[in-house]
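Please open the model in your viewer and keep the sequence panel beside it. The stops below say what to select next and what is there.

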Amino acid sequence: MTPKASSAIGALVCDILAPVAGYYLLRAFGVDSLWALTLSGLPPALRIVHTSVRQRRVDGMGAFVLAVIAVGVVSSLLTGDARLALVRGAWFSLLAGVWLTAGSFLGKRPVTFLMTKSLLPGRADRLDELWEERASFRRVWRVLALVWGVGGLAHSGVSIAMAYTLAVDSVPALDTGLSIASFVLLQIVTQVMLAREGTMNTLWQRERVT
């Protein structure tokens, strides 16, 4: 298994599986729902801290996630409201949705494009070339930023609705399922749009030639 694959699996376990599994495990041992939600939210924060210490730097996204987690934990403990703790993920989706949506109209290059470059460092130069060469390429990435932004806003809305209308113990599992389903759907839309524009064929053709 490659280091990147191991890192991706570790992030999946810490950010998605550990919180929901930890919550229900703590509840099974009789821990109050507020404390179970608070403690089960620690794995993602600990992963970010560990990564920052190992790399000796804190990236902007990591700092943003830590801030959202910290605000959610403090506000939940101060109010004693478990439902407020349930919507901490929704705040992240809301802020990310606003950021991505705004980025589709403002700025030189949308966030979706910049994030893809960071995930494909070996093709970053070619992505920059395509950005300069093709108007359709620039357009599809701006549309994708809008799609992901609206998706984030929709996710946050549904999450908040579930948190305040359903039983507390049912929400962590449902919200995790919603997050996974939303991510998969947005990925499918992304791949279809990039395929129709010709982006992926261009990148892989370049790779085969070289």
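## A buried tryptophan

Select Trp-141 to begin: with a relative accessible area of 3%, Trp-141 is buried, where buried means under 20% relative accessible area, exposed over 50% and partly exposed in between, computed with a 1.4 Å probe on protein chains only. This is a predicted model, in which local features need pLDDT of at least 70 and side-chain atom pairs count only at pLDDT 80 or more, while totals for chains, interfaces and linings use all residues. Residues are numbered from 1 along each chain as its sequence is written, and side-chain values use heavy atoms, with hydrogens and water left out.

Helices (H or I, at least four residues) and strands (E, at least two) are DSSP runs, numbered from the N terminus. Phe-137 is buried as well, with a relative accessible area of 0%.

A pair of aromatic rings is described by the distance of the centres and the angle of the planes. Rings of Phe, Tyr and Trp (its six-membered ring) pair if their centres lie within 6.5 Å, and planes under 30 degrees apart count as stacked, over 60 as edge-to-face and the rest as tilted. A search of the whole structure finds seven aromatic pairs.

Now select Phe-113 together with Phe-137, an edge-to-face pair with 5.8 Å from centre to centre and 90° between the planes. Phe-113 belongs to helix α7 (residues 111-119) and Phe-137 to helix α9, so this pair ties together parts that are 24 residues apart in sequence. Both Phe-113 and Phe-137 are buried. The rings of Phe-137 and Trp-141 have centres 6.1 Å apart and planes at 65°, so that pair is also edge-to-face.

Show α7 and helix α8 (residues 124-133) next. The axes of α7 and α8 come within 9 Å and cross at roughly 150°; axes are lines fitted to C-alpha atoms, for helices over the stretch in contact, and angles run from 0 to 180 degrees between N-to-C directions. That makes α7 roughly antiparallel to α8, given that angles under 35 degrees count as roughly parallel, over 145 as roughly antiparallel, 65 to 115 as roughly perpendicular and the rest as oblique. Here Phe-113, Thr-116 and Lys-117 in α7 meet Ala-124, Leu-127, Asp-128 and Trp-131 in α8, with contact meaning heavy atoms within 4.5 Å.

Keep α8 and bring back α9: these two helices pack at an angle of about 105°, with their axes 5 Å apart, and are therefore roughly perpendicular to each other. Leu-127, Leu-130, Trp-131, Glu-132 and Glu-133 in α8 meet Ala-135, Phe-137, Arg-138, Trp-141 and Arg-142 in α9. By class, the contact of α8 with α9 has six nonpolar, no polar and four charged residues, where Ala, Val, Leu, Ile, Met, Phe, Trp, Tyr, Cys and Pro count as nonpolar, Asp, Glu, Lys and Arg as charged, and the others, Gly among them, as polar.

## Along α9 to α6

Follow α9 (residues 135-165) and show α6 (residues 88-103), whose axis comes within 7 Å of the α9 axis and crosses it at roughly 155°. The two helices are therefore roughly antiparallel to each other. Among the residues in contact are Ala-90, Leu-94 and Val-98 in α6, and Ala-145, Trp-148 and Leu-153 in α9. By class, this contact of α6 with α9 has 10 nonpolar, nine polar and one charged residues.

## Two further stops

Select Ser-136, which lies in helix α9 and, at 26% relative accessibility, counts as partly exposed. Draw a distance from Ser-136 to Glu-197: their C-alpha atoms are separated by 6.8 Å, although the two are 61 residues apart along the chain.

Then move to Thr-176 in helix α10 (residues 171-197), a residue that is buried, with a relative accessible area of 18%. Leaving aside neighbours within four places in sequence, Thr-176 is in contact with Ile-16 and Val-20.

## The whole chain

Finally, zoom out to the chain, whose secondary structure comes to 11 helices and zero strands. Of its 210 residues, 37% count as buried. Residues 24 or more positions apart account for 70% of the contacts in the chain with a separation of 6 or more.
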